[in-house]
Amino acid sequence: MGGAGPVTLTPSQDNTLYEDSSGSLSSGAGTGLFIGTTNSVRDRRALIQFDIVGAIPDGATITSVSLTMSVTKTIADTYDATLHTLSLAWGEGASSAGGGGGGGATAEAGDATWTH
């Protein structure tokens, strides 16, 4: 039987979580995503959401999935990234980390943060 073929999805929302005990930093509207640990030993985590409703036909069998991303800046030669499923909804607000983006910006309404 013929299949529907590959489906390419773009993120429906994305955000970077910046380790910050006050939960005040985010970058929901920023142009980049950050992962890893900074030179000042602060963690960064990227959140990416894909809306598959309507993109995957009813009754389809998914036989494989791949994620392709590009690294544009790094302080390390290599970094092993892992993917995890989130069990709760999260937000993408209007905060936008300026400069290089690695320092985050003050979280706006609806932004996911390290503590929220």
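## Strand β4 and Asp43

Strands are DSSP runs of at least two residues, numbered from the N terminus. In this predicted model, Asp43 belongs to strand β4, which covers residues 43–49.

Two interactions of the Asp43 side chain stand out in the computed values. A polar contact of 2.8 Å joins the side chain of Asp43 to the side chain of Thr37. Asp43 also forms a salt bridge with Arg45, with 3.8 Å between the closest N and O atoms. The count of salt bridges comes to 1. Arg45 has a relative accessible area of 35% and is therefore partly exposed.

When residues up to four places away in sequence are set aside, Asp43 touches Leu17, Tyr18, Glu19, Gly36, Thr37 and Trp114. One of these, Tyr18, lies in strand β1 and returns below as a member of an aromatic pair.

## The aromatic pair

The structure holds 1 aromatic pair. Its members are Tyr18 and Phe34, whose rings are tilted, at 6.5 Å centre to centre and 45° between the planes. The pair links distant parts of the chain, since Tyr18 is in strand β1 and Phe34 is in the loop between β2 and β3, 16 residues apart.

The two partners are described by separate accessibility values. Tyr18 has a relative accessible area of 0% and is therefore buried. Phe34, with a relative accessible area of 21%, is partly exposed; the cut-off for buried is under 20%.

## Asn15 and Gly28

Asn15 is placed in strand β1, which spans residues 13–18. Its relative accessible area is 0%, so Asn15 counts as buried. A polar atom of the Asn15 side chain lies 3.4 Å from the backbone nitrogen of Gly28.

Gly28 is situated in the loop between β2 and β3. With a relative accessible area of 1%, Gly28 is buried. Beyond its neighbours within four places in sequence, Gly28 is in contact with Asp14, Asn15, Glu92, Gly93, Ser95 and Asp111. By contrast, Pro57 is 29 residues from Gly28 in sequence and 30 Å from Gly28 in space, taken from C-alpha to C-alpha.

## Ala29 in the loop

Ala29 is located in the loop between β2 (25–26) and β3 (36–37). Its relative accessibility of 42% is the reason why Ala29 counts as partly exposed. Residues up to four places away in sequence being left out, Ala29 touches Gly93, Ala94, Ser95 and Ser96. Gly93 and Ser95 are also among the contacts of Gly28.

The C-alpha atoms of Ala29 and Gln13 lie 9.2 Å apart in space, and the two residues are separated by 16 residues in sequence.

Because its relative accessibility is 32%, Leu33 counts as partly exposed. This value also meets the requirement for patch residues, which must have over 30% relative accessible area.

Leu33 contributes to a nonpolar surface patch of about 550 Å².

Technical notes:
Residues numbered from 1 in each chain as written. Predicted model: local features only at pLDDT ≥ 70, side-chain atom pairs only at ≥ 80, totals over all residues. Heavy atoms only, no water. Helix = DSSP H or I, 4+ residues; strand = E, 2+ residues; numbered from the N terminus. Buried < 20%, exposed > 50% of the residue type's maximum accessible area, 1.4 Å probe, protein only. Contact = heavy atoms within 4.5 Å. Polar contact = N/O pair within 3.5 Å; in protein donor to acceptor, adjacent residues only side chain to side chain. Patch = residues over 30% accessible without salt bridge, like charges linked within 9 Å, V, L, I, M, F, W, Y side chains within 5 Å. Areas by Shrake-Rupley, 256 points an atom, 1.4 Å probe, with all protein chains shown as cover. Salt bridge = Lys/Arg side-chain N within 4 Å of Asp/Glu carboxyl O. Phe/Tyr/Trp six-rings, centres within 6.5 Å; stacked < 30°, edge-to-face > 60°.
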